[in-house]
Amino acid sequence: MPSVRTAADLADLRTETLAAQKAKPVWITVCTGTGCCAYGAEGLADGFESEIDKRGLGRQVGLRRTGCHGFCERGPLVVIEPKGICYLHAQAKDIPTIMDKTVLGDEVVTRLLYLDEETGKRVRTAAEIPFYKHQKRILLENNVLIEATSILDYIGVGGYSALAKALNQMTPDAVIQEVKRANLRGRGGAGFSAGVKWETTRNASGAPKYAIVNGDEGDPGAYMDRSLLEGNPHSVLEGLIIGAYAMGATEGFIYVRQEYPLARKHAQMAIDRAREYGFLGANILGSGFDFDVTIHRGAGAFVSGESSALVNAIEGHVGEPRPKYTHLSEKGLWGKPTCLNNVETWANVPFIVNRGADWFRSMGTANSKGTKIFSLVGKVKNSGLVEVPMGITLRDIIFKIGGGLPAGKKFKGVQTGGPSGGVLPEALLDLPVDFDELDKVGSMMGSGGMIVMDEDTCMVDMARYYVNFLAHESCGKCVPCREGLRQMLTILDRIAGGQGREGDIELLEELSEFMEMASLCALGKSAPNPVRSSIRYFRHEYEAHIREKRCPAGACSALIQYEIDQTKCSHPPCGACARACAVEAIQKIDTGAYWVLQEKCIKCGSCYTACPDKFHAVRKAPVAWPAWQFPSTPVRTEITV
Amino acid sequence: MGQVTLEINGKSVQASQGITILQAAKSAGVEIPTLCDDGRLEPYGACRMCMVEIEKKGRTRLVASCLYPVEEGLSVQTESAKVTKIRKMLVELLWPAGQQYAKKYGVTRSRFATGMADCSLCGLCVRYCAEVKKSNALYFKGRGIDRKPALVDGPHATCSSCGECFSLCSGGWVVASRA
């Protein structure tokens, strides 16, 4: 095992690694990120491996199982290097064809290539796919090129050279100044300057000092940090070591949540390899700097992502925020100066050290520099992980990269920043995405979740979802957050259930203001954001629920009923709706027509989905209110066939 | 310990460094309402009843006075409009717990159907048992809106039935939960 003692050792190792990789002229890259694995990418990679063995191509063809490429919608993804040919939705049955045509031959398998719907042409490489073309991939770029578990792969793409540069050519202060000048702001949500945090930690008295990676990503729909830790854990680790050197920390922790077993495994492997190679431990790269890292497994609470709660959790206490008015950079873990940064923040550090603050500042807006990874999910064609320069508009992310909404659906809103963020309407689509702009309109950057919603999404229901999430994920210690959320949930349940009262909207607003003023930690202070922003931009929907007992989106089950439009139903009726109904609420009457028995219906929507598109005969209709005034059994005379 | 001078409700107050605003106010004869404060226990900062508005270098902020340490030149308002608004809402949200402050803040009824009958989750029982008795016989079970104080049960039960927590509980919840 080569121990890397100097920068020259590292350079030699890189040259050797690259030469070894070049020895194989073709590399098959299979994305084994979480998304692609769900599509069976592991089996696909195994298939390629045995195919290579079977054909005795072990010397000519290499196989890489990489982390997330980002285009999760079209997984499993396979890229054939060095030509960069990108196959989507690749299946095990495609392996022999891919081997024959692309790996051994000079052809492409056209049907697996991306079809550009606008031009009607197939494109060969990832760079030509609109999803990738409009991104600026810096942190995610290496995910495609390396095997997460291989430190040599990481060294091959220039890994640990930033660490060597920082340790050998820069003083700790110079590193801090560079990061400060780059204006790297925390990617976990609040957007506090990382450099300033490091400086405060460095200047604080007390030893030892601690540097911590916050990998407790818990926002519904977000998986940026997960994909970085799973796909390129060394980049996070390298950033952490550089930061520790800058602030004078001697011990580090990577806090990974319980629900991310693969991220934890890969981070642990990265730590073990880094230690073997001499990037962790005593006298790193001959600089005299000592540092080591431990993984802390989170026990599964959203609130533990709050920095002081996370520190409590590492100490072995319950993950509850600390109420004290002292900064962690002065009194953190075990009362010692502690610096916490998000996974993505740390991953930015090696790039800033290597390429300089000016390069980093060349991307982004006046006060938000660099790139940001978003997990683009919800009602969007190309869901996946996207990395974009700060300042790009929401419209570009959703429509250029995301490809817009699935056919026939109209955009309604986009939720950014997770449970602490807000929902933004169509009128704000041209908003440049940066920390301050999102803040101004009542949302936030958060850690980077971006959930696109279409006309079928009810904003009251959306707000209720987040409030319910937070009501159960808050620690429950302080009264404003716990009781405020409890009452918000009651009120929203009431509104969604058709029992809303005049004054409920105002009461929600009053509670929101109160929670923001009085809560103990940031979770409680920002918890009302989904409610506030949805009232701000979609007040009419709340009013429709309360005054007309109507859900405009047709999502709140208490306010809709399923009906069969007899004029649209096929002749004779196909019966798909009745077969799909689990509670036998759809029954055939004497005339041969199907009818929904509202009394039996549990409003699961199976009939709505089952009705063939060409008929579209099952419809959501407002409940005729009050329900008891209507006959619960079908009255035959009402049927118009 | 040095002395600092701060202003509480417009009155100049001397306080020794390191104490909290709540303590300074108490010795200056200014009453700040509390629910989770107890001199024998570590400040907890959960009830938020003791929140006050402070002004420092021209910037105002709402803080929990049981935790915020006194500072030279700090100006504190213990009954500002924002503060009373917060307390009013707290009394409503905790109803019927915290009723002792209802009259002062003009609350006659709550607009909410409130959660746990008499428990405000002030944690006095849990904290007293842990910090003073060192027996950790009580704990908080669950989180978020499901949080409640509970007695450690089974083979790890450490309750000696000293009963000292009974008197700490204004709502009598501890007694009820033992029954």
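A definition before I start: I call a crossing left-handed if the near helix is turned anticlockwise from the far one by less than a right angle, and right-handed if clockwise. I am reading a predicted model.

**Entry 1: helix pair in chain A.** I looked up helix α20 (residues 479-496) and helix α21 (residues 504-518) of chain A. Their axes come within 10 Å and cross at roughly 160 degrees. Angles over 145 degrees count as roughly antiparallel, so α20(A) is roughly antiparallel to α21(A). I noted the crossing of α20(A) and α21(A) as left-handed.

Next I listed who meets whom. The α20(A) side includes A:Gly484, A:Met488, A:Ile491 and A:Arg494. The α21(A) side includes A:Asp504, A:Leu508, A:Leu511 and A:Phe514. By class, the residues of this contact are 11 nonpolar, two polar and two charged.

**Entry 2: chain B against chain A.** I found 27 residues of chain B in contact with 26 residues of chain A. Which elements of chain B give two or more residues to its side? They are β4 (59-64) and α2 (81-94). The largest share, six residues, comes from α2(B). The chain B side divides into 17 nonpolar, four polar and six charged residues.

**Entry 3: domains of chain B.** The domain assignment gives domain 1 (3-80) and domain 2 (124-178). Their C-alpha centres lie 29 Å apart. Domain 1 of chain B puts six residues into the contact, and domain 2 of chain B puts in five. On the domain 1 side I noted three nonpolar, no polar and three charged residues.

Technical notes:
Residues numbered from 1 in each chain as written. Chains lettered and ligands numbered in written order. Predicted model: local features only at pLDDT ≥ 70, side-chain atom pairs only at ≥ 80, totals over all residues. Domains from an automatic or database assignment. Contact = placed C-beta atoms within 7 Å. Nonpolar A, V, L, I, M, F, W, Y, C, P; charged D, E, K, R; others polar. Axes fitted to C-alpha atoms, helices over the stretch in contact; angles between N-to-C directions. Helix = DSSP H or I, 4+ residues; strand = E, 2+ residues; numbered from the N terminus. Parallel < 35°, antiparallel > 145°, perpendicular 65-115°, else oblique.
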